[in-house]
Structure formats: C-alpha cells, structure tokens
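Please find below a note on the structure, arranged as numbered points. Each point takes up one topic and may be read on its own beside the coordinates.

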Amino acid sequence: MKQHRYRVTLEHLTDAAGVRSTHEPLQFEVGNHDDIIAIVRRMRSRGDFDEQSATAFAVGLKLFSEVMLEQKEHPLFAGFRPQFQQFMKELKKGPALPAEPKQL
C-alpha cells in the first residue's frame, strides 16, 4: 500500500510539577495511508475542539488507527474494532449541528 511518510518528534518539556524534563526527545518515522496534515486542517476547521486539542486528537487518532489497520488480525483489537469503526463513521459525518433556538 502506498503511504505518506512522516517523522514524528515528541519532546517532554516539563513533568507534572513543572520541572524541566531531562528525557531525550522521541523521534520515529511512520507511514500512513492518509495525508495527516490535511486531516489536522479539517479537524481544526470543524470547531469541535480548540486548535491544540484538534491537532493532538487528529494526529493521535491517525497514528493509532494506522497501527490497528496494519495489525488487523492482532487479538488486542478484536473486541474493539466494531466500536472503532462506528466511531469513525460518526466522526466522518462531521460536527454535530448546534440545536435550533426554541421559538417562543
């Protein structure tokens, strides 16, 4: 399968107490069948979350779902796959429309 290629870098800035981290950054390369940058843009424009949350959600979801797709026979995903597929269908429908104001 043709894939887009990405380099992901994760830097631990501070711990939960605000102390500067001494961890080395994690960096890895990964493929994905989707253009993750385009998906991040779409998630940001939906208005479900603030920009940072939309970015984290989209990147995390795409990285996770690609592993699940590539490892579809792994027993770890067996019970979760149907719910995940339903979740993705709901996500792809788009954001929920705000309720219409009640007429008096």
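This is a predicted model: local features need pLDDT of at least 70, side-chain atom pairs count only at pLDDT 80 or more; totals for chains, interfaces and linings use all residues.

1. Glu29 and Arg7 form a salt bridge in which the closest N and O atoms are 3.2 Å apart.

2. The salt bridges number 4 in total. One of them brings together the side chains of Asp48 and Arg46, with an N to O distance of 2.4 Å. Asp48 has a relative accessible area of 33%, so this residue is partly exposed.

3. A further salt bridge links Lys93 with Glu90, the closest N and O atoms lying 3.1 Å apart. Both residues are in helix H3, 3 residues apart, or about one turn of the helix. The two partners fall into separate exposure classes: Lys93 is exposed, with a relative accessible area of 64%, whereas Glu90, with 40%, is partly exposed.

4. Turning to the aromatic residues, the structure contains 7 aromatic pairs. In the pair of Phe57 and Phe87, the ring centres are 6.4 Å apart and the planes meet at 80 degrees; an angle over 60 degrees counts as edge-to-face, and the pair is therefore assigned to that class. The pair connects distant parts of the chain, with Phe57 in helix H2 and Phe87 in helix H3, 30 residues apart. Each of the two residues is partly exposed, Phe57 at 25% relative accessibility and Phe87 at 37%.

5. Phe87 also takes part in an aromatic pair with Phe84, for which the centre to centre distance is 6.3 Å and the angle between the planes is 35 degrees, a tilted arrangement. Phe84 and Phe87 both lie in helix H3, 3 residues apart, about one turn of the helix.

6. One aromatic cluster is formed by Phe49, Phe57, Phe64, Phe77, Phe80, Phe84 and Phe87. Of these residues, Phe49 is found in the loop between helix H1 (36-46) and helix H2 (51-70). With a relative accessibility of 40%, Phe49 counts as partly exposed.

7. Which residues does Phe49 contact, once its neighbours within four places in sequence are set aside? They are Met43, Ala54 and Phe57. As for Val59, which is 10 residues from Phe49 along the chain, the C-alpha atoms of the two are separated by 14 Å.

8. The largest pocket holds about 570 Å³ of space. Its lining consists of 21 residues, and those closest to the centre of the pocket are Asp34, Lys62, Ser65, Met88 and Lys92. Two or more lining residues come from each of H1, H2 and helix H3 (81-93), and H2 gives the most, with 7 residues. By class, the lining comprises 10 nonpolar, 4 polar and 7 charged residues.

9. The second largest pocket contains about 200 Å³ of space. Its lining is made up of Tyr6, Arg7, Val8, Thr9, Ile36, Ile37, Val40, Val59 and Leu63. The elements that give two or more residues to this lining are strand S1 (4-10), H1 and H2. Which element supplies the largest share? It is S1, with 4 residues. The lining divides into 7 nonpolar, 1 polar and 1 charged residue.

10. Phe57 is paired with Phe87 in the edge-to-face arrangement and is in contact with Phe49.

Terms used: Residues are numbered from 1 along each chain as its sequence is written. Side-chain values use heavy atoms; hydrogens and water are left out. Buried means under 20% relative accessible area, exposed over 50%, partly exposed in between (1.4 Å probe, protein chains only). Contact means heavy atoms within 4.5 Å. On a 1 Å grid over the protein atoms alone, a cavity is a set of points where a 1.4 Å probe fits but cannot get out, and a pocket is an open set with protein on both sides within 12 Å along at least five of seven lines; lining residues have an atom within 4 Å of a point. Grid points are joined across faces, edges and corners, and a volume is the space filled by probe spheres set on the points. Ala, Val, Leu, Ile, Met, Phe, Trp, Tyr, Cys and Pro count as nonpolar, Asp, Glu, Lys and Arg as charged, and the others, Gly among them, as polar. Rings of Phe, Tyr and Trp (its six-membered ring) pair if their centres lie within 6.5 Å; planes under 30 degrees apart count as stacked, over 60 as edge-to-face and the rest as tilted.
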